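Me: Please take a close look at one part of this structure for me. Then connect that part to the rest.

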Amino acid sequence: MKKAIHFILSALALLFLFPVIETFFLSFYSNGGFTLKAWRELFFDCFIFYPMFWNSVLYSSVITAGSLFIIVPGAFGLIMVKKKISKWIFFLYLVLMMMPLQVTLLPNYIGLRDLHLLDTGMCIILPMLFSVFGTVLMHQYMENMEISQIEAARLETNSVFRVLLHIVMPQMKSCIYAVSFFTFIESYNMLEQPMLFLKNKRLQNLTVFIADADQYTGDILFPASVIFIVPVLLFYLLLHESLQQNVCKLTGGCL
Amino acid sequence: MQKKILIVTTVLFFAVVCFFTIFARRIKEAGLPHVYAEALRLRTFTIENTEPGHVGERFRQKCYAVPEKLAKKKEFYILVQGEKNGEEVLFVKKIVFTPGSMEKGAYPVLSGDYNGEPVVMKSDRRLRDGEEVVVVGTT
């Protein structure tokens with residue numbers, strides 16, 4: 001029975017991996033044989049790819065790092081303020097989290113237009129810094145935090161920042177990794193925001209490049225997709241242990 | 001150990017992309033034909049009429065003056081600006097023309113689809129119609 005389940009799960013895993021494997025092999029396939037033509041076309045014939053790739057990396061990195069500065073204190077504040085208002089704020093966060101992206105796009109657009117930030121890198125970074133999902137996830141994780149340690153620390157210092165840095169953050173390590181990973185993925189994969197907020201192609205990201213791949217000459221779609229996958233894959237592999245621990249803790253089970 | 005390999009792979013990956021970001025254009029341009037181009041000048045030539053009934057008559061007309069080297073081939077390549085993958089690039093377009101008689105070291109262009117575009121005067125290799133080129137300068 002166990003073997004059968006393993007077999008079914010492995011088959012399913014392969015099925016889910018199939019598009020990735022296919023993309024990889026198709027990037028080396030053209031006119032019925034193995035060739036590096038598509039890679040050559042991407043690297044040496046499509047220079048717009050480079051700024052778009054670096055934009056993806058830059059936007060995602062800045063958003064991931066910047067959002068942690070907002071998520072961690074935000075979630076900590078919601079946990080520590082034992083008043084009704086914090087529950088209401090958390091409820092609002094949940095409502096916001098449930099909202100589809102398309103609903104928030106127009107208010108974001110209007111806000112960015114009024115701030116004269118459209119067609120700049122900031123119009124991508126700024127709205128994404130305030131990740132609702134990250135705050136909710138961090139809040140849920142912090143509910144299981146050792147409050148006694150914080151109370152003991154408060155006897156030693158009045159600085160909330162020091163308590164956050166020396167007591168809360170070490171306990172939140174695996175959750176911070178998880179939130180970083182999810183934020184990175186979310187910002188790395190964003191498509192609608194750069195398409196709507198950025199007219200300048202040199203400021204757009206790799207997702208837009210792949211979505212518009214038919215505009216470019218040559219078979220660049222597959223090699224571009226392979227390169228697109230690599231940073232996320234590397235980021236996942238670097239964090240996967242912490243990520244698994246965190247998911248185990250949140251779900252109460254183990255992967 | 002596994003983490004070290006991963007970190008090295010990550011650094012290598014970004015280093016490779018960084019390398020291509022900086023050098024891909026130079027590598028590509030090194031593989032393209034390098035040409036010297038110059039627009040042909042308009043000059044007044046004495047043209048012999050070949051129309052029936054007027055054969056042998058001569059008249060003065062302003063024509064583009066093409067150097068002897070290009071006139072012998074009866075074809076030259078002009079530079080055409082085009083767009084490729086969101087970038088402006090230069091292509092060559094073959095123009096077949098009819099030269100007239102030589103005057104002061106140059107031949108008049110009597111016919112052909114030429115309207116004063118830069119003409120490839122010198123190239124480091126044989127050109128093909130529609131090929132992308134790099135302009136090094138003027139002769």
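With 10 C-beta neighbours inside 10 Å, does Ile8(A) count as buried or exposed, and why?

Reply: Ile8(A) counts as exposed, because it has 10 C-beta neighbours inside 10 Å. The cut-offs work like this: a residue is buried if 20 or more other C-beta atoms lie within 10 Å of its own, exposed if 12 or fewer, and partly exposed in between, with C-beta atoms placed from the backbone.

Some ground rules come next. This is a predicted model, where local features need pLDDT of at least 70 and side-chain atom pairs count only at pLDDT 80 or more, while totals for chains, interfaces and linings use all residues. Residues are numbered from 1 along each chain as its sequence is written, and chains are lettered from A and ligands numbered from 1 in the order in which they are written.

Now place the residue. Ile8(A) lies in helix 1 (residues 2–26) of chain A. Helices (H or I, at least four residues) and strands (E, at least two) are DSSP runs, numbered from the N terminus. The C-alpha trace of chain A spans about 70 × 60 × 30 Å along its principal axes.

Step back to the whole chain. Chain A has 13 helices and two strands. Of its 255 residues, 29% are buried. Now take contacts in chain A between residues at least 6 apart in sequence: 76% of them join residues at least 24 apart. Two residues are in contact if their C-beta atoms, placed from the backbone, lie within 7 Å.

At 1.5 Å a residue, its 15 residues should span 21 Å, and its end C-alpha atoms are 22 Å apart, which agrees. The expected span is 1.5 Å times one less than the number of residues. The number of buried residues in helix 4 of chain A is zero, so this helix lies largely in the open.

Look at a loop too. His116(A) sits between helix 5 (101–114) and helix 6 (122–129) of chain A. It is not a glycine, yet its phi is positive, about 55°. His116(A) counts as exposed, because it has 10 C-beta neighbours inside 10 Å.

Chain A also meets chain B. There, 16 residues of chain A are in contact with 15 residues of chain B. On the chain A side, helix 2 (37–45), helix 3 (49–80) and helix 13 (221–251) each supply at least two residues. Helix 13 of chain A gives the most, with four residues. By class, this side has 13 nonpolar, one polar and two charged residues. Here Ala, Val, Leu, Ile, Met, Phe, Trp, Tyr, Cys and Pro count as nonpolar, Asp, Glu, Lys and Arg as charged, and the others, Gly among them, as polar.

Finish on chain B. Strand 2 (residues 41–48) and strand 3 (residues 58–67) of chain B pair in the antiparallel sense over eight bridges. Strands pair if DSSP finds at least two bridges between them. Leu42(B) has Tyr64(B), in strand 3 of chain B, as its bridge partner. Strand 3 of chain B also pairs with strand 7 (residues 106–111) of chain B, antiparallel, over three bridges. There, Pro67(B) stands opposite Ala106(B).
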